[in-house]
Amino acid sequence: MRDENCIFCKIANGEIPSSTVYEDDDFRVILDLGPASKGHALILPKQHYKDICEADMAVTGKILPLAAKIGSAMKKGLGASGFNVVQNNGTSAGQTVFHLHVHVIPRYENGPVMVAWNPGKAESRELEETAGILKNALAEELFTEEK
Ligand code: 5GP
Ligand code: ZN
């Protein structure tokens, strides 16, 4: 499925040119126009899914293995010493383009800190309570999927 108004559909399917580093039947991997670091890549499925919750698992299941290969190539080819795999879902999570995509961001020695958060504090009772709520909600999700 494609969305005529979606820029990543057009890029993924080659209607808009991009700096492509890999392409197969399911994905196009391009360089981000606003890179967080040199070589910042985006894995774009060719099919339109708003986010990871909407996507076909046959497609999402291929993303992490591909990200690992891209990350290894960043180390070999660009001299990166590590990489982050980042995927935003929803405006509150920082998603700005509503076509599923996965960032692979190379990291370099002495480069700036990215993809970091300030660790909070949680009492064990609070953790237990939250785990209980999440466990029940997740069980419902998994049950719905099986039906
Ligand atoms: P998000 O914030 O939705 O996770 O990430 C969207 C990313 O897409 C951003 O890092 C942004 O720089 C990148 N981006 C947005 N429009 C284009 C475009 O037309 N071409 C390319 N190559 N990257 C884009
Ligand atoms: Zn799209």
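**View 1. Two buried cysteines.** C6 and C9 are both buried (under 20% relative accessible area with a 1.4 Å probe, protein chains only). The model is predicted: local features need pLDDT of at least 70, side-chain atom pairs count only at pLDDT 80 or more, and totals for chains, interfaces and linings use all residues. Residues are numbered from 1 along each chain as its sequence is written, ligands are numbered from 1 in the order in which they are written, and side-chain values use heavy atoms, without hydrogens or water.

**View 2. The zinc site.** C6 (SG), C9 (SG), H48 (ND1) and H99 (ND1) coordinate the zinc ion (ligand 2) at 2.0 to 2.3 Å. Donors here are N, O and S atoms within 2.8 Å of the metal. The 4 donor atoms subtend angles of 105 to 116 degrees, so the arrangement is tetrahedral (all angles between 85 and 135 degrees). The spacing of the donor residues in sequence is C-x2-C-x38-H-x50-H.

**View 3. The largest pocket.** Its volume is about 300 Å³. A pocket is an open set of points on a 1 Å grid where a 1.4 Å probe fits, with protein on both sides within 12 Å along at least five of seven lines; lining residues have an atom within 4 Å of a point. Of 19 lining residues, F8, I30, D32, L33 and L42 are the closest to the centre of the largest pocket. α1 (7–12) and β2 (27–31) each give two or more residues to this lining.

**View 4. The second largest pocket.** This pocket holds about 220 Å³ of space. Its lining includes I52, C53 and L138. α4 gives the most, with 4 residues.

Conventions. Donors are N, O and S atoms within 2.8 Å of the metal (3.2 Å for Na, K and Ca); water is not among the atoms, so sites may look incomplete. Four donors count as tetrahedral if all angles lie between 85 and 135 degrees; four count as square planar and six as octahedral if opposite donors are over 155 degrees apart and all others between 65 and 115; anything else is irregular. Buried means under 20% relative accessible area, exposed over 50%, partly exposed in between (1.4 Å probe, protein chains only). Grid points are joined across faces, edges and corners, and a volume is the space filled by probe spheres set on the points.
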